[in-house]
Structures are given as C-alpha cells and as structure tokens.
Amino acid sequence: MPVDMKHTIAKAVEKLLLEKKALKLTVKDIVEECHITRQAFYYHFADIPDLLDWIITQKEEELDRTLFDCYIFISGQFSLFEQNRQADSGGSGPQI
C-alpha cells in the first residue's frame, strides 16, 4: 500500500463531501471511491471522525506553513523597504 494512502483517502473524502452531506458519508462510500478494502481504511483510521480530525490537522499544518511563508516574504520586503529608505535619506536614520 502506498505511503500516502492517508492522503489518497483524504482526497476521496474531500471529493465525496462536495457531493453529499458529511452526516451521510459512510466508510463504504470512501472505500468504493478509493478502490480499497474496508480493512485498508481501518488500518489507517479508527473511524470517520478520526479521518476528519486527521484532515483538519493536515489543513491546519498547511495553513501554518503558508502563513509562515507569507510572514517571511513580508518581513523580507519590509527589510528591503527600510534599507532603501535609509539609503535615500543618507543612512542617517529617520528625518523629520
């Protein structure tokens, strides 16, 4: 079984959730969408709430990485702005 089976299952669930309500989602729906056995599903997840918790955690981590990347980019842009401002003012600091 591929190492990324959890991601494969999660992608299938995301697709299924667009088609039906979360309360109506079943393990049968998921395994049919993924073309895996119920045993394979239960090897990776205890149940659907466990799967949904895992998906939410993955999305939170992805968002954290994206926000951190944005912070680094903005910080770099601010540093460049400050360097340019100081160079334009002769490096003597803020002028009033």
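This is a predicted model: local features need pLDDT of at least 70, side-chain atom pairs count only at pLDDT 80 or more; totals for chains, interfaces and linings use all residues.
Start with the core. The largest nonpolar core has 19 residues, and those touching the most other members are Ile 9, Val 13, Ile 30, Ile 36, Phe 41 and Leu 51. At least two residues come from each of helix H1 (5–19), helix H2 (27–34), helix H3 (38–44) and helix H4 (48–88). H1 gives the most, with six residues. As background, nonpolar side chains in soluble globular proteins tend to be buried together.

Take Ile 36 as an example. Beyond its neighbours within four places in sequence, Ile 36 is in contact with Met 5, Ile 9, Val 31 and Phe 41.

Is Asp 29 buried or exposed? Asp 29 sits in helix H2. Its relative accessible area is 18%, and the cut-off for buried is under 20%, so Asp 29 counts as buried. Setting aside residues up to four places away in sequence, Asp 29 touches Leu 16, Lys 20 and Lys 24.

Now the rings. There are three aromatic pairs. One of them is Phe 41 with Tyr 42, edge-to-face, at 5.1 Å centre to centre and 90° between the planes. Phe 41 is buried at 0% relative accessibility, whereas Tyr 42 is partly exposed at 38%.

Phe 45 and Trp 54 also pair: their ring centres are 5.8 Å apart and the planes lie at 65°, so this pair is edge-to-face. Phe 45 is buried at 2% relative accessibility, and Trp 54 is buried at 16%. Ring pairs join Phe 41, Tyr 42, Phe 45 and Trp 54 into a cluster.

Methods:
Residues are numbered from 1 along each chain as its sequence is written. Side-chain values use heavy atoms; hydrogens and water are left out. A nonpolar core is a set of buried Ala, Val, Leu, Ile, Met, Phe, Trp, Tyr and Cys residues joined through side-chain atoms within 4.5 Å. Buried means under 20% relative accessible area, exposed over 50%, partly exposed in between (1.4 Å probe, protein chains only). Helices (H or I, at least four residues) and strands (E, at least two) are DSSP runs, numbered from the N terminus. Contact means heavy atoms within 4.5 Å. Rings of Phe, Tyr and Trp (its six-membered ring) pair if their centres lie within 6.5 Å; planes under 30 degrees apart count as stacked, over 60 as edge-to-face and the rest as tilted.
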